[in-house]
Structure formats: structure tokens, C-alpha cells
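Please keep the sequence and the model open while reading.

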Amino acid sequence: MAFKLPDLPYAHNALEPVIDATTMEIHHGKHHNAYVTNLNKAIEGKSDLASKSLEDLIGNLSAVPQDIRTAVRNNGGGHFNHSLFWPCMSSPGQGGGGSPSGALAQAIDRDLGGFDKFKETFSNAAATRFGSGWAWLGVKGGKLVVCSTPNQDSPIMKGVAECDCAPILGLDVWEHAYYLKYQNRRPDYIKAFWGVVNWAQVAKNFDAAK
Ligand SMILES: [Fe+2]
């Protein structure tokens, strides 16, 4: 069964003014859609791969034939990363922004030096990722970690990703994610991002990853 582009869990303009509607339309409808289309193209006719879950497929890239491995890495990673990213944001009027609570907040205090320190570490990972890539908050060995990956590499790609963890929050720092509104000002985009983080969803991801 072919992979499918998931619907956005909100309207294109829901994240304004942090992320504008046009950016969301292009980012989801064109960029994410292209990753899905190209992933399906890469595995076309390979029923053993097409029957796998996305996590199984990109989590074990060494099991993917070499002639399509790069295509699966880039497009499968792109599909997985964006599918995680969209629900991790929410309209500022619908619970986006603020700070985490409960077990997630406690783990941030315990493992990352508190919420402010975590935001600084994560923002720095996002700002210093050279070129295109992602910043991540993830779980590794029962603890929270912050890291980043280049291109569409995902922390679930075993033996491939620069950071190996179960991601629970990601921030896309490809220029396609922010250029229309922020141009070269990636740090402004990162700062504004905190205003739309859906902490309830991140907490759900945390519970599932623990
Ligand atoms: Fe993206």
C-alpha cells in the first residue's frame, strides 16, 4: 500500500502570525507531498518494502536495496519528519505555545536543566545546523536529549542519523519552512516557533516513546 500525505490537523492560516498561510500551503502541499510521491516511486514494484511501516522502512536502511537507499533515506525521512512536525504545532489560540506540564516538564527539569535552558539548547541546535536539517527533542535510554540532523535524516534511522533517539518534537530549519516570511533570519523563526508548540502533543509523543 502506497504511503499517503497526511492532512494538516489545522487550517493553513492557523499558525499565523508565526508561520504564514502561503508557507504552510507550499510546505505541506508541495514539499511534503513531493517526499511522499518520490518515496512511493522509489519503492514501486517492491512489495516487500511497500508492506513495511514507514518507521520500519527508514529505521533499518541497510535492509533497503542500495540502488534506492538514498531515495528512501531522503524521501522516507522527509515524510516521517514532516508527519511528526505538523501535529507538534497548534494555533496560539488553540493551546499552541506556553510551556509543558506534568511528566514531560519534570523530565525537562531533570535531564535538560529546566525549560529555559532546554529552549536555549534546542534553539542553538536549530540555529547552528549548517544548511538544511532539523532540530530534535527526543528520548534515549529513558532520558531526554536535544540534537539535530542534516537534510531529511531522522533520529529513528539506526546507524545513519547523527543523533539516535526517539524524536518527540522536531523543528524544520530548511529554508522552505521559513524563507517567505523570515528570509535569512532563521533565529527569528526559531524564536517565534515557541509560540506555536503543541505541548499536549509533545507530551503524548513522550508517553509513547518512554
Ligand atoms: Fe520541510
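In this predicted model, A135 stands opposite S148, a residue of strand β2. The two strands concerned, β1 (residues 133–140) and β2, run antiparallel and are joined by 8 bridges. On the β3 side, β1 pairs in the antiparallel sense over 6 bridges, and there W136 has G170 as its bridge partner.

**The sheet and the helix packed on it**

- The 3 strands make an open sheet with antiparallel pairing, in the order β2-β1-β3, and its edge strands, β2 (143–150) and β3 (166–172), each pair on one side only.
- On average, and with direction ignored, neighbouring strands of this sheet are turned by 20° against each other.
- Helix α5 (residues 102–112) packs on the sheet and touches β1, β2 and β3, while its direction makes about 80° with that of β2.
- Although β3 is an edge strand, 6 of its 7 residues are buried, so β3 is largely enclosed by the rest of the structure.

**Nonpolar cores**

- In soluble globular proteins, nonpolar side chains tend to be buried together.
- The largest nonpolar core here has 46 residues, of which F118, L144, L169, L171 and Y189 touch the most other members.
- Two or more residues of this core come from each of the elements α4 (66–85), α5, α6, β1, β2, β3, α8 (186–193) and α9 (199–209).
- Another core, of 18 residues, lies apart from the largest one, and its members include L39, L49, L57 and L61.
- With neighbours within four places in sequence left aside, L144 is in contact with L104, A107, I108, D111, L112, L137, G138, V139, I168 and F206.

**Aromatic pairs and a cluster**

- A pair of aromatic rings is described by the distance of the centres and the angle of the planes.
- A search of the whole structure finds 13 aromatic pairs, one of which is formed by F85 and W86, a tilted pair with 5.4 Å centre to centre and 40° between the planes.
- Both F85 and W86 are buried.
- The rings of F115 and F118 are also paired, and because their planes lie at 35°, with centres 6.2 Å apart, this pair counts as tilted.
- Both of these residues belong to helix α6 (residues 115–128), where F115 and F118 are 3 residues apart, about one turn of the helix.
- F115 counts as buried because its relative accessibility is 18%, which is under the 20% limit, and F118, at 0% relative accessibility, counts as buried as well.
- One aromatic cluster is formed by F115, F118, F122, F193, W194 and W199, and F118 is also named among the residues that touch the most other members of the largest core.
- Elsewhere, the charged end of K181 sits over the ring of Y182, at 5.7 Å from the ring centre.

**The segment before α1**

- Y10 has its place in the segment before α1 (21–42), and with a relative accessible area of 15% Y10 is buried.
- Not counting residues up to four places away in sequence, Y10 touches L15, M24, W86 and M89, which links this segment to W86, the ring partner of F85.
- Between Y10 and F115 there are 105 residues of separation in sequence and 26 Å in space, taken C-alpha to C-alpha.

Key. Residues numbered from 1 in each chain as written. Predicted model: local features only at pLDDT ≥ 70, side-chain atom pairs only at ≥ 80, totals over all residues. Heavy atoms only, no water. Phe/Tyr/Trp six-rings, centres within 6.5 Å; stacked < 30°, edge-to-face > 60°. Buried < 20%, exposed > 50% of the residue type's maximum accessible area, 1.4 Å probe, protein only. Helix = DSSP H or I, 4+ residues; strand = E, 2+ residues; numbered from the N terminus. Lys NZ or Arg CZ within 6 Å of the ring centre and 35° of its normal. Pairing = 2+ DSSP bridges. Axes fitted to C-alpha atoms, helices over the stretch in contact; angles between N-to-C directions. Contact = heavy atoms within 4.5 Å. Core = buried A, V, L, I, M, F, W, Y, C linked by side-chain atoms within 4.5 Å.
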